[in-house]
Amino acid sequence: MDLFLETLTTGVMVGGIYALVALGWVLIYKCSGVLNLAMGEMTLIGAYVCLSFYSMGIPFLLALLFSLIIGFILGVLTERIFLDRLIGEPVLTVIMVTVGLSFFFKGCVEFIWGTDTRVFKPPVFALEPIHLGPLVIGRVYLWSFVAAIVLLVIFVSFFKYTRWGLAMQATADDEMAALSLGVSARFVYAIAWAIAFMAAGVGGTLLGNINGLNISVGYLGLLVLPAVVLGGLNSVPGAIVGGIIIGILQNLCGAYLDRFFPGGVKQIAPFVFMAVFLLFKPYGLWGWERIERV
Amino acid sequence: MSTTWLPCGQYHQSYAEDHSWWQTRFIKGKMILLFVILFVVIPLFADSYGLSICNQIGYTILGALGVQLLIGYCGQITLGHAAFLAVGAYTSTLLVLEFPWPAVLVHWGLAYPISIIAAAFVAGVWSVLFGLPSARVKGFYLILTTMAAQFITVDFILTQYVSQIGGRGQAFSLPPGTIRVGPWVIDSDLKVYFMMIVLVILAVAVLANLLRSKVGRAWVAIRDNDISAEVMGINVVKYKLLAFFVAGFIGGIAGAFWISNLAAISPEHFPWFWSLWLVGVILIGGVGSIHGTIFGSIFMVVVIEALQLAILPLADIYPKLLMDFLFIKEGTFGLAICAFMIFEPNGLAYRWWQMKNYFNLWPFSY
């Protein structure tokens with residue numbers, strides 16, 4: 001039972017990070033309809049930038065802030081240079097451009113930072129775990145979860161209460177109407193990419209704190225896909241719930257199924273689950289069902 | 001992409017002419033020249049390096065044909081095609097190495113050819129298995145299930161289980177002399193080249209003929225609008241699964257062919273990157289065109305090789321460039337896809353088509 005509870009909490013905490021990155025993904029999809037496969041490399045870039053600043057001796061929070069700023073700039077640039085010309089192109093074109101982007105980013109990251117695992121030195125979070133009643137939780141997990149939740153709250157209130165956030169909601173809801181009311185759609189797309197880049201960067205940094213940072217952290221970007229499919233592609237609460245469910249599922253499978261299927265069950269489980277889930281509920285938990293007409 | 005126009009002043013006088021592949025004398029001459037180059041000139045004059053590049057191109061063409069069929073003709077986007085290549089390669093390897101072949105077959109050198117056919121069927125069935133979700137989902141969701149195919153097949157089943165057969169651990173080594181086709185032992189680039197050229201021509205001919213038959217028209221109808229296709233009486237699920245089968249079949253042949261060029265086979269030969277590479281090849285060559293598959297394969301392989309050659313002189317000054325060439329390759333590939341999608345979304349085949357029409361219609365191109 002202890003194992004179960006511990007796996008469950010770890011799952012929820014890691015799931016919080018997934019939820020954060022998934023939120024960025026959903027944001028891009030909702031606002032501009034781009035299905036982004038470059039999310040993993042975006043997390044990598046954010047994480048490596050933060051690591052570089054941190055290694056220079058800058059305090060962690062400040063380094064995170066700097067990496068957020070750079071993420072913002074890179075997001076706007078990516079949208080302006082690559083995605084802006086593709087508005088209204090077929091799905092395959094846009095997806096393949098994001099695939100191309102992911103290779104480009106990945107090549108850059110590997111070229112600049114190499115493929116060795118790097119760790120945050122000195123460790124940002126103390127190593128000894130925290131005891132919460134019967135539970136023992138690593139500090140890294142707890143703080144990552146807290147940070148993810150705080151950022152989620154900030155993002156959600158940004159959408160609900162600020163002028164930019166409302167403009168984004170309007171564009172996501174009905175682009176034509178938003179345009180006629182004076183919302184600049186191009187501005188909204190740029191902001192959506194910037195925010196996604198920032199969210200991905202934070203997610204990558206937190207994951208890098210848990211296991212060290214190497215190119216496989218980019219795998220997170222693929223894990224986001226099961227999460228958003230589970231929640232529904234265009235649902236923000238869906239992304240959060242989906243991220244947490246995928247985190248739990250992954251850890252439970254790692255703990256219980258690994259002895260029956262040795263090896264990579266933990267990595268494969270979300271995708272198997274997603275493939276089966278798609279057969280029964282293709283639009284996720286809260287996604288919009290699209291009615292097709294000829 | 002529509003067909004090419006006939007040159008000024010040439011007309012068809014029978015339906016047979018209308019349906020023929022090589023419609024004018026000029027085209028006949030051109031194709032015969034191409035065959036002469038492929039079968040005589042290249043084997044005579046190319047060195048081992050040139051031949052190995054040709055083999056790489058041929059492997060890319062074989063792999064990309066299935067992707068072209070699924071994406072370009074049937075509209076089913078797949079990002080997991082390397083899985084089916086891997087299934088083909090592993091089936092063929094296992095059959096050649098582990099299957100108790102009757103001595104007669106081994107004597108006549110039929111073990112490998114039979115294993116290629118078996119591999120193609122196994123890969124086709126495997127592909128249909130992962131194509132089953134296409135009955136219910138499409139577009140982005142189908143992309144996700146094909147990605148799942150890649151991870152489940154290569155990263156899980158092949159890495160964790162199949163690789164353990166025979167207790168070898170990671171890789172299956174193929175000792176020299178195991179791969180035999182008839183009386184020939186496939187042990188040099190030249191022999192691989194001839195096998196490649198025969199397989200590529202067969203695959204292209206079969207696929208091109210399939211595409212202009214009833215089946216091919218059904219696929220194109222599904223690609224253009226699957227709901228209308230269903231309304232017109234096409235059994236959409238059946239034809240989609242058939243497309244997956246044929247694509248997997250060709251993929252299996254590609255994988256089984258490629259083991260003749262390798263000394264050992266391991267899951268690292270079929271990463272997700274390779275699936276995306278194949279999709280990139282058809283996008284750069286042109287979606288919905290067999291010419292495009294070939295042009296794209298040549299373009300990608302040659303560009304990467306040229307890049308490597310260009311970097312070699314710089315390596316003395318910046319050794320990092322050569323060491324990290326793999327990363328530069330990835331980055332270049334990504335940029336090339338982006339550039340083609342943004343500036344030339346119709347691909348190289350479109351330019352070729354324009355050129356042909358320009359000369360055919362000259363001087364009155366209106």
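This is a predicted model: local features need pLDDT of at least 70, side-chain atom pairs count only at pLDDT 80 or more; totals for chains, interfaces and linings use all residues.

Visitor: Which secondary-structure elements make up chain A, and in what order do they run?

Guide: Chain A holds eleven helices and two strands. Read from the N terminus, the order of these elements is α-α-α-α-β-β-α-α-α-α-α-α-α.

Visitor: What is the radius of gyration of chain A, and how does chain A compare with a globular protein of that length?
Guide: The C-alpha atoms of chain A occupy a box of roughly 55 × 50 × 35 Å along the principal axes. For 294 residues the globule rule gives 19 Å, and chain A lies close to that, so it is as compact as a globular protein of that length. The radius of gyration of chain A is 19 Å.

Visitor: What percentage of the residues of chain A count as buried?
Guide: A residue is buried if 20 or more other C-beta atoms lie within 10 Å of its own. Among contacts in chain A between residues at least 6 apart in sequence, 76% join residues at least 24 apart. Of the 294 residues of chain A, the buried share is 49%.

Visitor: What radius of gyration does chain B have?
Guide: Chain B comprises 16 helices and four strands, and its C-alpha atoms fill a box of roughly 65 × 55 × 50 Å along the principal axes. A compact globule with 366 residues would have a radius of gyration near 21 Å, and chain B agrees with this. The value for chain B is 21 Å.

Visitor: What percentage of the residues in chain B are buried?
Guide: In chain B, 78% of the contacts between residues at least 6 apart in sequence join residues at least 24 apart. Of the 366 residues in chain B, the buried ones make up 42%.

Visitor: Which element gives the largest share of the side of chain A that touches chain B?
Guide: In the contact between the chains, 37 residues of chain A meet 37 residues of chain B. The elements of chain A that give two or more residues to this side are helix 4 (91-113), helix 9 (219-231) and helix 11 (265-280). By class, the residues on the side of chain A divide into 26 nonpolar, seven polar and four charged. The largest share, 17 residues, comes from helix 4 of chain A.

Visitor: How many of the 13 residues of helix 9 of chain A are buried?
Guide: The end C-alpha atoms of helix 9 of chain A are 19 Å apart, in agreement with the 18 Å that its 13 residues should span at 1.5 Å a residue. Its buried residues, among them A:L220, A:V224 and A:V228, pack against helix 1, helix 2, helix 8, helix 10 and helix 11 of chain A together with helix 7 of chain B. Just after the helix, A:G232 takes a positive phi of about 100°. Helix 9 of chain A is mostly covered, and its buried residues number eleven.

Visitor: Which elements of chain A are included in what covers the buried residues of helix 15 of chain B?
Guide: Helix 15 (residues 325-343) of chain B has 19 residues and reaches 26 Å from its first C-alpha to its last, close to the 27 Å expected. Its buried residues include B:F327, B:E330, B:F333 and B:M341. From chain B, the cover includes helix 12, helix 14 and helix 16. From chain A, it includes helix 3 and helix 4.

Visitor: Is helix 3 of chain B roughly parallel or antiparallel to helix 11 of chain B?
Guide: Helix 3 (residues 48-73) and helix 11 (residues 236-258) of chain B pack with their axes 8 Å apart, at an angle of about 170°. Their contact has 14 nonpolar, four polar and no charged residues. Angles over 145 degrees fall in the class that applies here, which makes helix 3 of chain B, relative to helix 11 of chain B, roughly antiparallel.

Visitor: Is A:A200 buried or exposed?
Guide: A:A200 is found in helix 8 of chain A. Leaving aside neighbours within four places in sequence, its contacts are A:V21, A:G24, A:M39, A:M42, A:T43 and A:G46. Because 32 other C-beta atoms lie within 10 Å, A:A200 is buried.

Visitor: Does A:I73 count as buried or exposed?
Guide: A:I73 has its place in helix 3 (residues 60-83) of chain A. Its C-alpha atom is separated by 6.8 Å from that of A:A194, 121 residues apart along the chain. Because A:I73 has 12 C-beta neighbours inside 10 Å, it counts as exposed.

Methods
Residues are numbered from 1 along each chain as its sequence is written. Chains are lettered from A and ligands numbered from 1 in the order in which they are written. Two residues are in contact if their C-beta atoms, placed from the backbone, lie within 7 Å. Ala, Val, Leu, Ile, Met, Phe, Trp, Tyr, Cys and Pro count as nonpolar, Asp, Glu, Lys and Arg as charged, and the others, Gly among them, as polar. The radius of gyration is taken over C-alpha atoms; the globule rule is 2.2 Å times the number of residues to the power 0.38. The expected span of a helix is 1.5 Å times one less than its number of residues. Axes are lines fitted to C-alpha atoms, for helices over the stretch in contact, and angles run from 0 to 180 degrees between N-to-C directions. Angles under 35 degrees count as roughly parallel, over 145 as roughly antiparallel, 65 to 115 as roughly perpendicular and the rest as oblique.
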